[in-house]
Amino acid sequence: MRKIWILLIAMIGASFATQACMENKVEIWAYQGTVAYYHQDGKIGLINKEKQRITEPIFDEVCPFVDGIAQVRQEGLWGVINAQGTWIVKPVSKPFIQFQEGYGRVEYGGHKYGFVDMQGKQVVAPQWYYDVQVVSEGLFGALNEQGAGYMNMRGEVAIDFVWDRVSQFSEGLAFVEKDGKRGYINKEGQVVIPVKYKVANGFSNGLASVLDPDTNRWVFINSKGEICLAGDWDAAESFGDNGLAAVCVKDKWGYIDLQGKIVIKPQWEKAGRFSEGMASVEKDDKAGFIDEKGRYVIKPKWRIAGTFVDGYASVYNGWEGYINTEGRIVCKTLDDE
């Protein structure tokens, strides 16, 4: 009888040990240089190559490291840490702190937005806006009670708030919207392409796709508003960094080159912009990534896939997260849906 009790006690002890092990299970995601995120008990921490913890699991959501810093969420607010786990910007913003051109957009509550640099130093003091865009070519678009316009990085009005909507600058031009029509302005705020298009996209490779109001066809215009490319397309997106643009033909998406020639046959239900050598495409409700030959480099397995920026692309598969160029998860939300 004594042996039976000893055996039962040992079995119960092993069961509790297994349960404790499962509860404390640590999973490490793909490394980003010398660091990686790990998750344990519903929280996320930072670890180094030697498997030494840089931080305890104290974060609720994280973004990839870019230029040595990363956005992290703790107790409902976003901040910024470096690869040593030190706070660059303490948790203060409800939306995540998006960096572009070396400046991070921060919402301080009550629709007060400001900007910090990569060291966390305040560059533009918080001001009240309905919405604020990230920095593009030294300016940021904003919306207040007067309308939409642009500010410079000294916090001064650069282009008057007279538009219904503004976009980021690209190649010195940005599309603006008034009364449901779009045109293009330069960085001095001058209208250089008339406000007449129902749909217009940003400039890339010297061209922008617009819906021509005269023919109701998709065309590409140059910086003077002259039509340079036209085709039998149902829709057309901006050119990617490799000189290819996604176009839709008979409900299928493919790609054209800068001469308007189809170089990747239309075959997908959706197709994204090329960036860093890859573009996301979707077929049979699964998204993956192709190269400029139309070959899969990351097989379709996501519900939604974004564009690669700084070596990472956002994905959604019942959870939101980021993958690297090898298709490996570098971080993700821990709660499904």
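**Figure 1. Antiparallel pairing of strand 32 and strand 33 in the predicted model.** Strand 32 (residues 312–316) and strand 33 (residues 320–324) run antiparallel and are joined by five bridges. Y316 lies opposite E320 of strand 33. Three residues separate the two strands of this hairpin, in which G318 adopts a positive phi near 95°.

**Figure 2. Antiparallel pairing of strand 33 and strand 34.** Three bridges connect strand 33 to strand 34 (residues 329–332). Y322 has C331 in strand 34 as its bridge partner. The hairpin formed by strand 33 and strand 34 has four residues between the strands, and G327 takes a positive phi near 85° there.

**Figure 3. The largest pocket of the predicted model.** The volume of this pocket is about 1500 Å³. Its lining comprises 40 residues, of which Q98, Q100, Q168, T307 and V309 are the closest to the centre. Two or more lining residues come from each of strand 5 (69–74), strand 8 (98–100), strand 23 (235–239) and strand 32. By residue class, the lining consists of 16 nonpolar, 16 polar and eight charged residues.

**Figure 4. The second largest pocket.** A volume of about 190 Å³ is computed for this pocket. Among its 14 lining residues, E61, S314, E320, G321 and Y322 are the closest to the centre. Strand 4 (61–62), strand 32, strand 33 and strand 34 each contribute at least two residues to the lining. The lining of the second largest pocket contains eight nonpolar, three polar and three charged residues.

Definitions and conventions. Residues numbered from 1 in each chain as written. Predicted model: local features only at pLDDT ≥ 70, side-chain atom pairs only at ≥ 80, totals over all residues. Heavy atoms only, no water. Pairing = 2+ DSSP bridges. 1 Å grid on protein atoms, 1.4 Å probe; cavity = no way out; pocket = protein on both sides within 12 Å on 5 of 7 lines; lining within 4 Å. Points joined across faces, edges and corners; volume = space filled by probe spheres on them. Nonpolar A, V, L, I, M, F, W, Y, C, P; charged D, E, K, R; others polar.
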